[in-house]
Amino acid sequence: MTYAKTARRPHHWRRDMIELAALFTAVAVADAIANLIGHQPDGPYLLIASAVALAVTAAFHTWWARRHSHAPPPTGSGLVAEGDGAAMGHGTDVAEPALVDTPTAAGPAASPEDTALWRMRTTVRDTPGSLAALCGALARHRVDILTLQTHPLARGTVDEFLLRAPSRLQAQQLSRAISVAGGSSTWIERADTHDLVDAPTRVLSLATRTALDAAELPLALRQLLGRCTIHSLPAVSVTGRATGESAPVEGVLEETVMRLRDPSGGAITIERPYLPFTPTEFARARALVELDARLGPRVPRSRHVLTLPEGNEITVRRADGGDLEAARAMHDRCSDRTLRMRYHGPVHDADRYLDHLLSPRFGRTLAVQTASGRLVALGHLLWDGDETEVALLVEDDWQRRGIGSELLSRLVALAVEAGCESVYAVTQSSNTGMVAAMRALSLPLDYQIEEGTLVVTARLDTTPVRSLPPYEEAGR
């Protein structure tokens, strides 16, 4: 690395005059002593002994000063690393600031400037000096490197940066500068303060979330890999037929698509058309899926008790495959009209959907049970690729009591916590209860008719992120 020169101190002529005066005074004193002692019988010996004593004292003083000096380094040295190509190469994950412009003593510090965070990924040749060229290009635009991760490839290396840049700097300018410095396939997007967490900490946090709740796996994969589409494809359809969907144990990576074996059977397909996956990302995703497979099905076991307007107490909790028999019994108590409103198909097929709906692999399900333990309502938040569906089923005798609205508001809160931009409900125009519950959310709604079916979409981007419901907080 090369360093900028430090600023020179101004020359002081008065100090030189004082030093000359002191030198002449010392010579005069030495001459007087020599004339006084030198003419004595033992004069020469006394002079030699004095000289030796002075030399020993000076040597001891120099050694002592060097050994016990605690003086701080001079301020304003302004060492600014400019990146020597031979010194900067590629390695493992790095998370350290670099290329920080430091004011020197020669001039005043620069005034504060508005900055913005960017995430940038670019591919460079894996040769000495390639990373230094990128750093130099960023430094010339006054861009600070906050974190750096390297993803080795068979040919070249993918460098992923978190940058703090002047707000006036546009993405196109940054991309052109990186291209000139040797970067290719550059991808840039705005970042936020959540991206300041280093990669190992972020992966451990996602692993913890997945370990506590099996429904977190798709969300954890999306946060790990960025904007991507995730599909869980079962090995057997709801009608009992084999779908042919499977993946080898080691998984498959094909540029912008990766396929992993679903722990519950079938396959998990992850697509990111705008940016190819790296082997490092593939290994992290596979490790997360393997962790989920080893832990098996699991959901938080907390409960939240509510009191209805008429005074009845109900319990809201997470549901899973263990509630299958109770859900089927609720189906038997529901009218044909209620089941048709919910499943939009033949009533006798309703039970077939329960295995899918109660699996945490495909989303989150909330169950409502009475004080006697009877299941009277189910609310589903289903991951559907880039979109999220909400669905409700309330037993006939418990309708019009506010249970559906309570479930829907809690499902929306879970969707907001999961980072979903919108939720949609598929129903019929005659299902006034569901339409009223969607309107009661006080969110922007879009309505669309598809083959006689009403699709109501609620946009969540204007919804403030609120804390988790008590039954979710206890589970965490």
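Biologist: Which residue of S13 does Gly 379 stand opposite?

Modeller: In this predicted model, strand S12 covers residues 375-384 and S13 covers residues 387-394. The two strands run antiparallel and are joined by eight bridges. Within this pairing, the residue of S13 opposite Gly 379 is Leu 392.

Biologist: Which residue takes a positive phi in the hairpin of S12 and S13?

Modeller: The hairpin has two residues between its strands. A positive phi near 65° is found there, and the residue that takes it is Gly 385.

Biologist: What is the bridge partner of Val 368 in S12?

Modeller: Strand S11, residues 363-370, runs antiparallel to S12, and seven bridges join the two. They form a hairpin with four residues between them, where Gly 373 in the turn has a positive phi of about 95°. Across this pairing, the partner of Val 368 is Ala 377.

Biologist: How many of the ten residues of strand S12 are buried?

Modeller: S12 is joined by bridges to S11 and also to S13. The strand is mostly covered, and its count of buried residues is nine.

Biologist: Why does Arg 364 count as buried?

Modeller: A residue is buried when its relative accessible area is under 20%. Arg 364 falls under that cut-off, and Glu 216 is buried as well. Arg 364 therefore counts as buried because its relative accessibility is 0%.

Biologist: How many residues apart in sequence are the parts that the pair of Arg 364 and Glu 216 ties together?

Modeller: The side chains of Arg 364 and Glu 216 meet in a salt bridge, with an N to O distance of 2.3 Å. Arg 364 belongs to strand S11, whereas Glu 216 lies in the loop between helix H5 (199-212) and helix H6 (217-225), so the separation is 148 residues.

Biologist: Which helix holds Glu 417, the residue that pairs with Arg 364?

Modeller: Glu 417 and Arg 364 meet through their side chains in a salt bridge of 3.6 Å, N to O. The pair links distant parts of the chain, 53 residues apart. Arg 364 is in strand S11, while Glu 417 is in helix H11.

Biologist: Is Arg 459 buried or partly exposed?

Modeller: Arg 459 forms a salt bridge with Asp 446, their closest N and O atoms being 3.1 Å apart. The pair links strand S16, which holds Arg 459, to strand S15, which holds Asp 446. Asp 446 has 37% relative accessibility and so counts as partly exposed. With 33% relative accessibility, Arg 459 likewise counts as partly exposed.

Conventions: Residues numbered from 1 in each chain as written. Predicted model: local features only at pLDDT ≥ 70, side-chain atom pairs only at ≥ 80, totals over all residues. Heavy atoms only, no water. Buried < 20%, exposed > 50% of the residue type's maximum accessible area, 1.4 Å probe, protein only. Pairing = 2+ DSSP bridges. Salt bridge = Lys/Arg side-chain N within 4 Å of Asp/Glu carboxyl O.
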